[in-house]
Amino acid sequence: MLAVASRSRNKSAVTTNVLALAMPLLLPATTAASASAPLFAPTSQNPNPHLRIPPPPRARRLPLFPAAAPGAPFLPLPPRRGMASLAASAAAEVTHLTQRDAAEIDEQLMGPLGFSVDQLMELAGLSVAAAVAEVYKLSEHTRVLIICGPGNNGGDGLVAARHLYHFGYRPSVCYPKRTPKPLYSGLVTQLESLAIPFLSVEDLPEDLSREFDIIVDAMFGFSFHGAPRPPFDDLIQRLISLSVISSSDKRPAIVSVDIPSGWHVEEGDVDGAGIKPDMLVSLTAPKLCAKKFTGPHHFLGGRFVPPPIVSKYGLKLPPYPGTSMCVRIGKAPSVDISSLRENYISPELLESQVMPDPFDQFVRWFDEAVSAGLREPNAMALTTVSKEGKPSSRMVLLKGVDKQGFVWYTNYGSRKAHDLSENPNAALLFYWNEMNRQVRVEGSVQKVPEEESEKYFHSRPRGSQLGAIVSKQSTVIAGREVLQQAYKELEQKYSDGSLIPKPDYWGGYRLTPTLFEFWQGQQSRLHDRLQYSLREVDGHTVWHIERLSP
């Protein structure tokens, strides 16, 4: 809980734009470009924005979608795993707060540092929802029960329910002791406007494991002390009874917000008979009881702690990766690699819906990947083969595509360039994970004209131009300092802003396709695969579409 339940809430004059707080995890406002948009060329001084925009923040996308009509925008699944799943710090290296320090920090935040209760509650609930989405896939954990207490920890749960709904989960809320204050009433109204069901304790199913995939414990936070009163004592016992089910496949995952309800804030599960959550989402900083947490998923949320608080309390907190609102603490649990699988949910890819020309179909999918906010949608695996038949693959960036082919730039002394000089055939693979899509392209490769490489080289940032000169790609060097020293010398040489000459050993390649395959993941591994290949028909070369077995 980010705010002490007993504190005065006289900050009603402060209004918070909660949508602005949530923006890092909402769909980007960009709309999909028309499939009939002109193809973009790599040689333009003002390249097509689809290939030149900076990588957008990772966005949470809507999880479910109807069958798509031809030309309809694609609504992809949310990312299966985000950067927040990376363990940024071992638990022992993170500061754990006493109950007193936690209360003092909240008072500081809401006093001289200018935060309001609703701001902190919004950030806390958003962090909880983000942590849940990091670990529990929609395809397997859709139904969520949020049990909310009467204080601010319960408010965090109400906010989390709203965000989980927008992430695509199906939340239900049990809120037996409602707080009659405008902030909490407003949160309830927001959930009711989304038709999120509120369940009384009496309406809860006898067997929670049959009706819910996740249970969020948002009953009591760090300010609570004493024995839980009805009906929360019974609710806690019901969660404890779920903890003793041996197989996690047969029971819902339990997610506790800041403090597992019923635990001592500093001493933890004193008698060992308390809730055993699968996930703990600590807020601001972990409390001392978190050291006793033994579940597989411990996250820290509440990405807002200002430097004065860090300095005053000597806090050691892990850095939050990217735009994430949460970060994993400690090591991620070990997994059985053979058990990792996805059951894809996608609109069908039908012959009647695709474009007759594969270049147009590629641009349609590429535009949708850009509009969905995918990071580096132009990243592609390039596979080349030496004259001895030895393949090698690496990721490169697409820098242009038109009806003549796909263009990328590289060092002409690299291994891929050496392979292409001996065997001018290659394959490209685009993998858009969040959209359950792949595109394979095969064809012959040739260098682009020198003037085309020259023009693109000088459109790059000056740092990238210097890096292209410094790197003798694929050659062995003594250490990174060799690159840094050479770069520093070149940086000084061209510090006057003069033109940086393109090296002769750097330029572009164009793959001219002879085959495309568009792949759309489907349930039960019955994936859609549509292949375009060139055929001679009545003296004309045309693209022929056929379906491949998955």
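In which handedness of crossing does H4 pass H6? I started my notebook with that one.

**Ground rules.** I am working on a predicted model, where local features need pLDDT of at least 70, side-chain atom pairs count only at pLDDT 80 or more, and totals for chains, interfaces and linings use all residues. Residues are numbered from 1 along each chain as its sequence is written, and side-chain values use heavy atoms, with hydrogens and water left out.

**Overview.** I found 14 helices and 17 strands in the protein; these are DSSP runs numbered from the N terminus, helices (H or I) of at least four residues and strands (E) of at least two. Of the 550 residues, 51% are buried (under 20% relative accessible area, 1.4 Å probe, protein chains only). I also looked at contacts (heavy atoms within 4.5 Å): among those with a separation of 6 or more, 74% are between residues 24 or more positions apart.

**H4 and H6.** Back to my opening question: H4 passes H6 in a right-handed crossing, meaning that the near helix is turned clockwise from the far one by less than a right angle. The axes of H4 (residues 117-135) and H6 (residues 182-193) come within 11 Å and cross at roughly 40°. That angle makes H4 oblique to H6; oblique is what remains after under 35 degrees (roughly parallel), over 145 (roughly antiparallel) and 65 to 115 (roughly perpendicular). The axes are lines fitted to C-alpha atoms over the stretch in contact, with angles from 0 to 180 degrees between N-to-C directions. Val117, Asp118 and Met121 of H4 meet Leu183, Tyr184 and Leu187 of H6. I sorted these into five nonpolar, no polar and one charged; nonpolar covers Ala, Val, Leu, Ile, Met, Phe, Trp, Tyr, Cys and Pro, charged covers Asp, Glu, Lys and Arg, and the others, Gly among them, are polar.

**H13 and H14.** Next I looked up H13 (residues 462-470) and H14 (residues 480-493), which pack at about 125° with axes 10 Å apart. H13 is therefore oblique to H14, and passes H14 in a right-handed crossing. The contact includes Leu466 and Ile469 of H13 and Leu483 and Tyr487 of H14. By class, I noted seven nonpolar, two polar and one charged.

**Strands.** E2 (residues 143-148) has five of its six residues buried, so the strand is largely enclosed by the rest of the structure. Five bridges join E2 to E3 (residues 170-174) in parallel (pairing needs at least two DSSP bridges). Val144 has Pro171 of E3 as its bridge partner. E7 (residues 297-301) pairs with E8 antiparallel over three bridges, with Gly301 opposite Cys326 in E8.

Note on methods: Buried < 20%, exposed > 50% of the residue type's maximum accessible area, 1.4 Å probe, protein only.
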